[in-house]
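Here is a friendly briefing to read alongside the model. Please have the sequence and the 3D view open as you go.

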Amino acid sequence: PGIPLIPQLIQAQVDGTAESKPGALTLDVALKDCARVAVALHKTEIALSKPRTLEDELASLAEQMQPVQEFSLALAMQLQNVIRQLQAFAQQTKPLPLCLSHGDFTYTQLIFDDESCGLVDFDTMCEAEPALDLGQFLAYLRLTASKIQHSSTAGAELAADELCTQFLDTYMQGAGYREAKAEQLLERVAVYEIISLLRIA
C-alpha cells in the first residue's frame, strides 16, 4: 500500500500549506526516507552479474541522438556539445564500486503509507555505481521542483539545490561517505544527473 507523495509535498511547501502538526509527513522527512531507502538498497549484498556502466549510459545517449537530429539538427548539436563536455568531465572523475542498484530510482518508485516508505518496480535492477540511482533521483527531483515553483502563484521560494543537498547529505551520512570518498561520490553523481537530464531533454 502507498502512493508517491514527493510532488504533492513540494507543492504544499511552495503553496505554504504543508502540514505542521507532529507526526505529519513533511518534505524534509520524505526526502530523508528516500535517501535511507537508497542506502539500504546499495548496501544489500546481492550480485546480479548484470553491470550497467557509465559507458553504457553514454552509448545509450548517443543512440537517442539519431531521432533528435531528424527532429532538430540545432538541438541535436547543442545536446551533443553538452555530451562532449560531460565526457571530458567524467574522465577526470574516479568510478565508484558497483553495487545493487534500482536502475530507475525516481520519486515515482518510492511510495508512502502513513510512516512507511517503500520501493517498487524492480524490472530495471542491475549492478551499477550508486551514482546511477542518486543522479536519476536528483534529476527528476530538480525538474519537478522547478516546474512546481514556476507554475505556482504563491510566490514562496523553494531552491531545488537545497532539496538535492538534503537528500545527498542524508545518503552520504547513512552510507558512510566522508571527505575524499564524499567528494568522489558527488562528482560521479553530477555526471549521472546530467545524463538523466539529457535523456529527459
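Phe-167 makes contact (heavy atoms within 4.5 Å) with Leu-31, Cys-34, Ala-35, Phe-105, Leu-134, Phe-137 and Leu-138, leaving out residues up to four places away in sequence. This is a predicted model, in which local features need pLDDT of at least 70 and side-chain atom pairs count only at pLDDT 80 or more, while totals for chains, interfaces and linings use all residues. Residues are numbered from 1 along each chain as its sequence is written, and side-chain values use heavy atoms, with hydrogens and water left out.

**Helix H1 and its cover**

- Helix H1 spans residues 6-15, and its buried residues include Ile-6, Leu-9, Ile-10, Ala-12 and Val-14.
- Buried here means under 20% relative accessible area, exposed means over 50%, and partly exposed lies in between (1.4 Å probe, protein chains only).
- Helices (H or I, at least four residues) and strands (E, at least two) are DSSP runs, numbered from the N terminus.
- Among the elements covering the buried residues of H1 are helix H2 (27-42), strand E2 (110-113), helix H5 (130-151) and helix H6 (160-175).
- Just after H1, Gly-16 has a positive phi of about 80°.

**The largest pocket**

- Which residues line the largest pocket? They are His-42, Lys-43, Pro-97, Leu-98, Cys-99, Pro-130, Tyr-171, Ala-175, Tyr-177 and Lys-181.
- By type, the lining of the largest pocket has seven nonpolar residues, one polar and two charged.
- In this count, Ala, Val, Leu, Ile, Met, Phe, Trp, Tyr, Cys and Pro are nonpolar, Asp, Glu, Lys and Arg are charged, and the others, Gly among them, are polar.

**The loop between H4 and E1**

- Thr-93 sits in the loop between helix H4 (73-90) and strand E1 (99-101).
- Is Thr-93 buried or exposed? Thr-93 counts as buried because its relative accessible area is 9%.
- The Thr-93 side chain reaches the backbone oxygen of Ala-90 at 2.7 Å.
- Setting aside neighbours within four places in sequence, Thr-93 contacts Glu-187 and Arg-188.
- Gln-91 lies in the loop between H4 and E1, and Gln-91 counts as exposed because its relative accessibility is 70%.

Terms used:
1 Å grid on protein atoms, 1.4 Å probe; cavity = no way out; pocket = protein on both sides within 12 Å on 5 of 7 lines; lining within 4 Å. Polar contact = N/O pair within 3.5 Å; in protein donor to acceptor, adjacent residues only side chain to side chain.
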